Amino acid sequence: MTVQITTFGATRTGQPVHSVTIGGGDLTATVLTYGAILQHVGLVGVPHGLTLGSDRLADYEGELCYHGALIGPVANRIDNARTTLNGVPLAFTPNQNGQHLLHSGDVGTHRKIWTIAEAGPDHVTLTLDLPDGEGGFPGNRQIRATYQIDAPATLRLTLAASTDAPTLLNLANHSYWNLDGSDDWLGHSLIIAADHILPTDADLIPTGAIAPVAGTAFDFRQNRSLIPGQPPLDINFCLSHTKTALRDVATLTGQSGLAMRVATTEPGLQIYDAARTARPSKGYYEGIAIEPQGWPDAPNRNAFPSIEVTPDAPYSQTTEWRFSTP
């Protein structure tokens with residue numbers, strides 16, 4: 001196939017948004033320039049999309065602001081919307097319970113128009129510049145995101161970012177997956193290659209503990225059926241204490257037997273069951289978010305892997321989604 005670039009719509013402020021559809025082997029993917037959103041993933045012979053999205057830009061500007069988006073500059077939560085970086089206090093505008101910072105707030109990368117830097121039949125590269133001080137984060141930062149399809153059915157996301165001053169970066173794709181095209185993810189099973197999790201308080205802020213999963217409801221080291229609320233899932237699974245070479249970290253399998261294997265270089269994997277999130281006219285638990293990233297609230301926890309990025313130590317991430325049918 002040839003790359004397809006079309007107009008998707010215009011934002012509330014009149015900025016044009018484009019969709020880019022790429023393909024290779026049995027897989028196709030559509031990416032939006034708004035939020036670098038992974039809007040659709042399709043597999044030959046499967047009559048439904050594999051990731052949850054919308055055909056309406058207004059939905060993405062509203063309640064679906066995180067669906068499929070590339071979250072940054074810092075995904076997940078920062079306790080009390082404050083931290084320090086090399087002894088310098090940083091303060092952010094709270095957007096969770098009037099107290100904490102979630103997904104970098106209203107100036108996050110999920111609300112930005114990205115630029116198409118290059119596109120071909122099987123790939124698209126989007127870029128975004130973030131100015132020094134925006135949202136409370138230091139440094140002029142340049143982010144580069146490439147979605148690429150490798151036959152027969154692998155979708156790869158490669159992220160790179162640079163800065164002219166020490167800063168914080170923790171990027172994450174926030175796609176929701178349902179491999180059966182069903183009303184919810186009941187019937188799916190999950191494996192996660194993690195021996196520990198980060199327990200959280202009532203606001204979903206890590207307590208600072210690093211707890212073993214053995215003997216708990218969070219032990220997904222062997223294939224397990226997903227059951228709503230057993231356990232509630234909006235938690236970081238600890239894959240490693242540093243970034244690593246690309247390795248398999250999770251497998252989601254639908255009732256149909258269609259499977260998605262996730263590989264990443266990241267030290268953490270946030271799993272969210274969508275118990276509080278729904279698309280228009282749809283119900284809760286429709287899809288499950290599987291988000292490779294750094295550990296949440298890392299800047300406030302010395303024992304957590306650092307998310308500091310400097311001019312001499314730029315940011316990089318590779319994540320792959322590998323699909324197979326029974």
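A residue counts as buried when its relative accessible area is under 20%. Keep in mind that this is a predicted model.

Q: Why is Cys65 called buried?
A: Its relative accessible area is 8%. The cut-off is under 20%, so Cys65 gets the label buried.

Q: What makes Cys238 buried or exposed?
A: Cys238 comes in at 7% relative accessible area. Buried means under 20%, so Cys238 is buried.

Q: Why are strand E16 and strand E19 said to stand at the edges?
A: The open sheet here has six strands, ordered E16-E25-E24-E21-E18-E19, with antiparallel pairing. E16 (176–177) and E19 (211–212) each have a single partner strand, so one side of each lacks a neighbour in the sheet.

Q: How do you know that strand E24 and strand E25 pair?
A: Pairing takes at least two bridges. Five bridges join E24 (residues 268–272) to E25 (residues 288–293), so the two strands count as paired, and they run antiparallel. Gln270 stands opposite Glu291 in E25.

Q: What makes strand E12 and strand E13 a pair?
A: With at least two bridges needed, E12 (residues 141–150) and E13 (residues 154–163) have 10, so they pair, running antiparallel. Asp150 has Thr154 in E13 as its bridge partner. Both strands belong to an open sheet of nine, in the order E10-E11-E12-E13-E27-E23-E22-E17-E20.

Note on methods:
Residues are numbered from 1 along each chain as its sequence is written. This is a predicted model: local features need pLDDT of at least 70, side-chain atom pairs count only at pLDDT 80 or more; totals for chains, interfaces and linings use all residues. Side-chain values use heavy atoms; hydrogens and water are left out. Buried means under 20% relative accessible area, exposed over 50%, partly exposed in between (1.4 Å probe, protein chains only). Helices (H or I, at least four residues) and strands (E, at least two) are DSSP runs, numbered from the N terminus.
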